[in-house]
Amino acid sequence: MRSEAEGAVPEEKEPVDSADETADDSEEDGKRKKKQGSFWKELPVLIVVAVVLALVIKAFAVQAFYIPSGSMENTLQVGDRVLVNKIVYHTRDIARGDVIVFNGLDSWDPEVQVAEPGNPVSKALRAVGTAFGVAPNEKDYIKRVIGIPGDHVKCCDAQGRVTVNGVPLDEKTYLFTDPVTHEQNKPSNDPFDVTVKPGQLWVMGDHRELSYDSRSHRGDPGGGTIPIDRVIGRAFVIVWPLDRLGTLPIPSTFKQPALEKAGAAALPAAPYALGILCTLPFAYLRRRHHYKP
């Protein structure tokens, strides 16, 4: 005969948290709250550091620029963002075919009129947007270098091409082509004949029928050219929108060996002759001193 003790089902015991486990959970909750509080306290500092670093990089190395007009189509579209290398011209000279950004202050009139912000907040937002390349700057231009100091730039030859030092440029790879009619811009509708002075550049947009470039500024003091010391840097890559991500290399037509040879021959001989003449008196005095009895 089974006893009651044998037939009884033992009761399940409810788990009871020990004091140690409760203390551990409280400590973890406290650490989690401290971490969250610490993050929100550090966030403004992190933002300030990031902005300062971005501004330092912008000032000395790489800067983003917003494309406000169609003067460089099809190479660059309205709304594109490009990165500009500000260091490259400390290591090499500006080359024909480079796409450059330069400041036109006191040199060229603004190509795109940008409305002045009406209140301090808008002005601050505009300044930040310009600094990070998400807003246009009416004083900055982006064009392609066609002629460097000493170059003789002319248009047009018998085939309607731009020539540099008598060498024709094949510009079909980058001149604007209408996406509907597939008709390509002529190298220039207006004839010109310019010898680029020392310290200056002859620049043109790829959308020749729309670009307000050196051809349109021939009545200015520089004769349409822009000062080299106003160049901000070389645009080398499109970073936005993502479907247009790509580099901006120098077209092959600017790498013709004949351009370099002709360019060297085109440099004026007067400075070299003047240098030789200036050394003659020193050579004479040295020779006389050497043979003095």
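This is a predicted model: local features need pLDDT of at least 70, side-chain atom pairs count only at pLDDT 80 or more; totals for chains, interfaces and linings use all residues.

**Strand β3 and its partners**

- Let's start with β3, which runs over residues 99-103. Four of its five residues are buried, so the rest of the structure largely encloses this strand.
- One partner is β4, residues 140-147, and the two strands pair in the antiparallel sense over five bridges.
- To find your way around that pairing, look for Asn103, which sits opposite Asp140 of β4.
- β3 also pairs with β11 (residues 231-240), again in the antiparallel sense, with three bridges between them.
- A handy landmark here is Val101, whose bridge partner in β11 is Gly233.

**The disulfide**

- The bond links Cys155 and Cys156, with an S to S distance of 1.9 Å.
- The torsion about the S-S bond of Cys155 and Cys156 comes out at about 65 degrees, so this disulfide is right-handed.

**Accessibility of the two cysteines**

- Is Cys155 buried or exposed? Its relative accessibility is 4%, and the cut-off for buried is under 20%, so Cys155 counts as buried.
- Cys156 has a relative accessible area of 33%, so this residue is partly exposed.

Terms used. Residues are numbered from 1 along each chain as its sequence is written. Side-chain values use heavy atoms; hydrogens and water are left out. Buried means under 20% relative accessible area, exposed over 50%, partly exposed in between (1.4 Å probe, protein chains only). Two strands pair if DSSP finds at least two bridges between them. A disulfide is a pair of cysteine sulfur atoms within 2.5 Å.
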